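Here's a quick briefing to read alongside the model. Have the sequence and the 3D view open as you go.

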Amino acid sequence: MKAFSLALLLTAAVAHASAQTPAQAPQTPPAVDAPPAEATRPSFADWLAAVRTDALARGIRPEVVDEALADIPEPLPVVLERDRTQAETVFSLEQYISRILTAKLVATGQDRFAAHRALLTEIGEGYGVDPHIIAGIWGMESNFGGFSGVRPTIGALATLAWDPRRATFFRGELFNALEILNRGDIDLAHMKGSWAGAMGQLQFMPSSYLDYAEDYDGDGRRDIWSTPADVFASIANYLVGHGWIAGQSWGREVKVSRAAERAIVNGVARRDGGCRATRDMTVPLPAQRWRTLGVRTMTGGALPSTMPNAALVSGGSRHFLVYANYDALLAYNCAHSYALSVGLLADRLAGPPAPVRAHPRAKKANKTRRAHA
Ligand SMILES: [Ca+2]
């Protein structure tokens, strides 16, 4: 299945660090439903018949509904299995970031960014979103389009909607997916994605697709599966829809001494918020306040006074001051391991490419420099 997926690596952290859905996609975390008594559950066939009736009442064409539902004679065992056996290993924030941001990922990203530089730049300028951030999300969600899931979306959603655990959420997403088919953006055979219903190279849940997917190349279909222009514009549109501020960065890594850490713990309020990650950071403060508290740049210098208001996100040893745009990344997936990895990957893609064929001694020096950068 998604053996190579970075998204799944993160899923382990996200699923157990919060009540978030296992899907690695932008969406509202579903509440877990109270399970009905097993005896009162309809058979899958009866349940599907009720879905069909509801779908027709919602205006979805009968031929679309019939073709889609005929495809799933029974719940998909692999989907139920994945939903019940998510990895339980919990790593520290630093461990997650280092497992995700490998040299190989950065090298792939540099290649893929170079191949799509003109398009990413054009879309980035058009939407007012840093093209490296667009590429960072693309990289995290599908290894830059290398793998976006092989599960049939309708089958996966029907299985999770029939299963009592989060039936209400997934039933809604099932109707959204049928609506996408109804509009003709994609055909049934090509509507694929993760076992949890996240679709295409940017892993949108169907609800996010209906709200944010873009037809940038103008062929009449919003194709997040195989048209890079639509993929990039849809990511940008999602970020803009969640408050991305043009021309501003996501944040920066900073140095926080032990004394500063104590001062921050005692003197700076935690933030409130709808998802766990937003509660696991400080309130935003002006640069001057962080300076006074003893926070420094990674080279030990003073924070620039032009720095936007920033909130502090801390792991065990690494610390990050994050700006308002960081919230748009959390809206995509509310986990610090995700949002920081996107930001740091974007920074690497924006920076000078790593030396390809360095002398062994030079290589060692580079490694050391990176470790302290
Ligand atoms: Ca298109």
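How many helices and strands does the protein chain have? The protein chain has 18 helices and six strands, where helices (H or I, at least four residues) and strands (E, at least two) are DSSP runs, numbered from the N terminus. Keep in mind that this is a predicted model: local features need pLDDT of at least 70, side-chain atom pairs count only at pLDDT 80 or more, and totals for chains, interfaces and linings use all residues. Residues are numbered from 1 along each chain as its sequence is written.

**Overall picture**

- Of the 373 residues in the protein chain, 43% count as buried; a residue is buried if 20 or more other C-beta atoms lie within 10 Å of its own, exposed if 12 or fewer, and partly exposed in between, with C-beta atoms placed from the backbone.
- Take the contacts in the protein chain with a separation of 6 or more: 72% of them come from residues 24 or more positions apart. Two residues are in contact if their C-beta atoms, placed from the backbone, lie within 7 Å.

**Helix α12**

- Helix α12 covers residues 228–241, and its 14 residues should span 20 Å at 1.5 Å a residue; the end C-alpha atoms are 20 Å apart, which agrees. The expected span is 1.5 Å times one less than the number of residues.
- Ten of the 14 residues of α12 are buried, so the helix is largely enclosed by the rest of the structure. Among them are P228, F232, I235 and L239.
- Those buried residues pack against α7 (117–127), α8 (131–142), α11 (206–212) and α16 (326–332).
- Just after α12, G243 takes a positive phi of about 90°.

**Two helix pairs**

- Two packed helices are described by the angle between their axes and the distance between the axes. Here, axes are lines fitted to C-alpha atoms, for helices over the stretch in contact, and angles run from 0 to 180 degrees between N-to-C directions.
- Helices α9 (residues 153–162) and α10 (residues 167–183) pack at about 155°, with axes 7 Å apart. They are therefore roughly antiparallel (angles under 35 degrees count as roughly parallel, over 145 as roughly antiparallel, 65 to 115 as roughly perpendicular and the rest as oblique).
- The crossing of α9 and α10 is left-handed; that label applies if the near helix is turned anticlockwise from the far one by less than a right angle, and right-handed if clockwise.
- On the α9 side, T153, I154, L157, A158, L160 and A161 meet A167, F170, R171, E173, L174 and A177 of α10. By class, this contact has nine nonpolar, one polar and two charged residues (Ala, Val, Leu, Ile, Met, Phe, Trp, Tyr, Cys and Pro count as nonpolar, Asp, Glu, Lys and Arg as charged, and the others, Gly among them, as polar).
- Helices α2 (residues 44–57) and α3 (residues 62–70) also pack at about 155°, with axes 10 Å apart, and the α2/α3 crossing is right-handed.
- L48, V51, R52, A55 and L56 of α2 make the contact with P62, V65 and L69 of α3.

**Residues worth a click**

- D83 sits in helix α4 (residues 77–84) and is buried, with 20 other C-beta atoms within 10 Å. D83 and L160 are 77 residues apart in sequence and 8.4 Å apart in space, C-alpha to C-alpha.
- Most residues other than glycine have a negative phi.
- F144, not a glycine, has a positive phi of about 60°. F144 lies in the loop between α8 and β1 (151–152).
- Q203 has a positive phi near 55° and belongs to the loop between β2 (192–193) and α11. Q203 is buried, with 29 other C-beta atoms within 10 Å.
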